[in-house]
Amino acid sequence: MRQTLSSSFVIPLFLCICFFFVTISTSHGLTATNDSLIRKTCKKCAQSDPNLSYNFCVTSLQAAPHSHCANDLHQLGKISITLLGRNVTNTRSHIKELLKNQKKMDPFVRSCLHDCFDLYSDAIPTTKQALQDYKAKHYDDANIDVSSVMDATTTCEDGFKEKEGVVSPLTKRNNDAFMLSAISLSIINMIRLNGDSI
């Protein structure tokens, strides 16, 4: 004997499955609005700073925790400064590991790494201060703080260039921190000029 599913059972089951997939897709990923905000913001950031990659900006902001909750430019700015802070902290830890694990290292490279360690150590509290200033809407102060972090990344990278033939082991990390700083600075400047709207 063949059994058939009654329509009174199939329709509610179908609706439950659809609701489940809609809920999962919107709660665990970027909504179209958030994605659009990130893309528009990154487009303007990349247009205002030729050193900033649009793709790097989009990828970084989309990957950030809570970016799917950002409803305006101000929230994206907080996220960008938080990303910068995490990058600076991770880079400092990486430098510490390089210094600890590589006993037979060129003395010049070791000296440069020590300088970078100091620069990134100073950048950690500066980034925290930038976030506090940003949250308090002291945008000029936040701009100065983030600019200081950006300068630290450049100073670190330039130190390795002082001796011919030396390759920096921190180039990618310095470039990433530089671009995260550029994203934060662009957003701060957009807010100073236009408020929270893009």
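Tyr134 has a relative accessibility of 0% and therefore counts as buried. Buried here means under 20% relative accessible area, with exposed over 50% and partly exposed in between (1.4 Å probe, protein chains only). Tyr139 is also buried, at 13% relative accessible area. The model is predicted: local features need pLDDT of at least 70, side-chain atom pairs count only at pLDDT 80 or more, and totals for chains, interfaces and linings use all residues. Residues are numbered from 1 along each chain as its sequence is written, and side-chain values use heavy atoms, leaving out hydrogens and water.

Rings of Phe, Tyr and Trp (its six-membered ring) were paired if their centres lie within 6.5 Å; planes under 30 degrees apart count as stacked, over 60 as edge-to-face and the rest as tilted. This rule gives 1 aromatic pair. Its partners are Tyr134 and Tyr139, in an edge-to-face arrangement with centres 5.6 Å apart and 70 degrees between the planes.

The protein contains 7 helices and 0 strands. Helices (H or I, at least four residues) and strands (E, at least two) are DSSP runs, numbered from the N terminus. Of the 198 residues, 40% are buried. Contact means heavy atoms within 4.5 Å. Among contacts between residues at least 6 apart in sequence, 71% join residues at least 24 apart.

A nonpolar core is a set of buried Ala, Val, Leu, Ile, Met, Phe, Trp, Tyr and Cys residues joined through side-chain atoms within 4.5 Å. The largest such core holds 51 residues, and Leu61, Leu113 and Ile187 have the most contacts inside it. Two or more residues come from each of α2 (32-48), α3 (54-63), α4 (73-101), α5 (107-135), α6 (139-160) and α7 (171-194). The top contributor is α5, with 11 residues. Beyond its neighbours within four places in sequence, Leu61 touches Ile38, Cys42, Ser67, Leu76, Ile79, Ser80, Leu83 and Ile183.

The axes of α6 and α7 come within 9 Å and cross at roughly 160 degrees. Axes are lines fitted to C-alpha atoms, for helices over the stretch in contact, and angles run from 0 to 180 degrees between N-to-C directions. The two helices are therefore roughly antiparallel (over 145 degrees; under 35 is roughly parallel, 65 to 115 roughly perpendicular and the rest oblique). The crossing of α6 past α7 is left-handed, that is, the near helix is turned anticlockwise from the far one by less than a right angle; clockwise would be right-handed. Residues of α6 at this contact include Tyr139, Val146 and Met150, and those of α7 include Phe178, Leu185 and Ile188.
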